[in-house]
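Thank you all for making the time this morning. I would like to walk through one model with you, element by element, so please have the display open while I talk.

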Amino acid sequence: MSNTKGYAAQSKTDPIAPWEFDRRAVGPADVQVEIAYCGVCHSDLHQARDEWGGSVFPMVPGHEIVGRVKAVGSDVTKFKVGDLAGVGVMVDSCRTCESCRIGLEQYCDRHQTVFTYNSRFPDGTEAYGGYSDNIVVDEAFVLSISPKLDLTATAPLLCAGITTYSPLRHWNVQPGQKVGVVGLGGLGHMALKFAHAFGAHVTQFTTSPGKEADAKRLGADEVVVTRDPEALKPLASTFHFIIDTVSAPHDINMYLNLLKRDGAMVLVGLPDTPPAVSAFPLTGARRSLAGSNIGGVAETQEMLDFCAEHNIVSDIELTPISKINEAYERMLKNDVKYRFVIDMATLGE
Ligand code: NAP
Ligand code: ZN
Ligand code: ZN
């Protein structure tokens, strides 16, 4: 008998389907979380379909995990049974290198970050993610969640939230600065909410004319539909910072031209093919092009606490796990406002 019920992809061409497997026994430093909800990130789809290469199967996707603590090991101090808890994109790292010591476990210098799924622990066992009824994680990688937050809509903060919060903080976005958000999906709508909460003047770039009214409601001061590249011309050299959340190949040079001198564009979207970048928009105004990967454990907690204080959560559509493959297809068609969250109570149905 396996101790965990979940859903997995058995290969890159199989649909996500029921699968039972074993979690490790709860060790002294471990917290076992009974999963209530798990967000559906576009990275789940990229990896389940092996779009980035090197995927490990069977794969239990899911790294936007929230629920209640079901068991704790003897050395655990931060959590007790019944507490609300979250697990994001990482479940371990070396913890001793320079990056790990300063709370940047996602950039572990020894490349020993263990991701929540499609990854292996140092002993060679596979990590399985949140499309399942429970997860066992070292308490150092478990987050506390305020009871003030709507738990269902909090799940996506664990990836979409931190992935957009972290670069906005790192590049020190200030009140009054002009910030652009490219793509209004799971990550994009959180970037919009955070940039607005930080006091920036925010412009949403979208390929979907139907999202204009929502973008304004979510905090955009302006919305630009990018199907007509002419619409971008008057905005040249006006932005301090642009965050690109797009999941598919697209032209990034047209956005680089929108940055002021010394402005930065940060890629968080991870299309499966590399972008073509012209050096001219970079050299022409000393602009930077950078990337950013999720956020460290301490910063993820900071982001969750900020959300509790400012009442920020995701806009979600709850789905039963049996409709996960349909949810993937709808996500690919930009047909979700703005994040699917799986109701894990439907696992037994
Ligand atoms: P998503 O919900 O599917 O949103 C992606 C958005 O990109 C869409 O809503 C759409 O916005 C836009 N888009 C889609 N296809 C496009 C195309 N062909 N041309 C232009 N725009 C297009 O995905 P997500 O979950 O937010 O994830 C976005 C990307 O970030 C994925 O590649 C994911 O793997 C990556 N990611 C990275 C990190 C990290 O740490 N760096 C973390 C999580 C996810 P509009 O309709 O507004 O145009
Ligand atoms: Zn994600
Ligand atoms: Zn490390």
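Let me begin with a question: is helix H4 mostly covered or mostly left open? In this predicted model H4 is mostly covered, with 9 of its 11 residues buried, where buried means under 20% relative accessible area, exposed means over 50%, and partly exposed lies in between, using a 1.4 Å probe and protein chains only. Helices here are DSSP runs of H or I with at least four residues, strands are runs of E with at least two, and both are numbered from the N terminus.

Before going on, a word on conventions: because this is a predicted model, local features need pLDDT of at least 70 and side-chain atom pairs count only at pLDDT 80 or more, while totals for chains, interfaces and linings use all residues. Residues are numbered from 1 along each chain as its sequence is written, chains are lettered from A and ligands numbered from 1 in the order in which they are written, and side-chain values use heavy atoms, with hydrogens and water left out.

Staying with H4, its buried residues include Ala160, Ile162, Tyr165 and Leu168, and the buried residues of this helix pack against S12, H5, S15, S16, helix H9 (297-310) and strand S19 (339-343), contact being heavy atoms within 4.5 Å. Just after H4, Asn172 takes a positive phi of about 55°.

Now to the sheet. It is an open sheet of 6 strands in the order S14-S13-S12-S15-S16-S17, with parallel pairing, and two strands are said to pair if DSSP finds at least two bridges between them. Why is one side of S14 and of S17 left without a neighbour in the sheet? Strand S14 (222-225) and strand S17 (288-291) stand at the edges, and each has a single partner strand, so one side of each has no neighbour there. From one strand to the next the twist averages 20°, with axes taken as lines fitted to C-alpha atoms, for helices over the stretch in contact, and angles running from 0 to 180 degrees between N-to-C directions.

H4 packs on this sheet, touching S12, S15 and strand S16 (259-267), and the direction of H4 makes about 155° with that of S15. Helix H5 (residues 186-197), for its part, lies across S12, strand S13 (201-206) and S15, and runs at about 165° to S13.

Strand S12 (residues 178-182) is joined to S15 (residues 239-244) by 4 bridges, the two running parallel; Val179 has Phe241 as its bridge partner in S15, and Val182 has Asp244. S15 also pairs with S16 in the parallel sense, over 5 bridges, and there Ile242 stands opposite Met265. Of the 6 residues of S15, 5 are buried, so this strand is largely enclosed by the rest of the structure.

My last topic is the metal site. Which protein atoms are the donors of the zinc ion (ligand 3)? They are the SG atoms of Cys94, Cys97, Cys100 and Cys108, lying 2.3 to 2.5 Å from the ion; donors are N, O and S atoms within 2.8 Å of the metal (3.2 Å for Na, K and Ca), and since water is not among the atoms, sites may look incomplete. The angles among the 4 donor atoms are 102 to 119°, and the site is tetrahedral, a label given to four donors if all angles lie between 85 and 135 degrees. Along the chain, the donors follow the spacing C-x2-C-x2-C-x7-C. Cys94 sits in the loop between strand S6 (90-92) and helix H2 (98-101), and Cys108 in the loop between H2 and strand S7 (114-115), 14 residues apart. Cys94 counts as buried at 15% relative accessibility, and Cys108 counts as buried at 3%.

Definitions and conventions. Four donors count as tetrahedral if all angles lie between 85 and 135 degrees; four count as square planar and six as octahedral if opposite donors are over 155 degrees apart and all others between 65 and 115; anything else is irregular.
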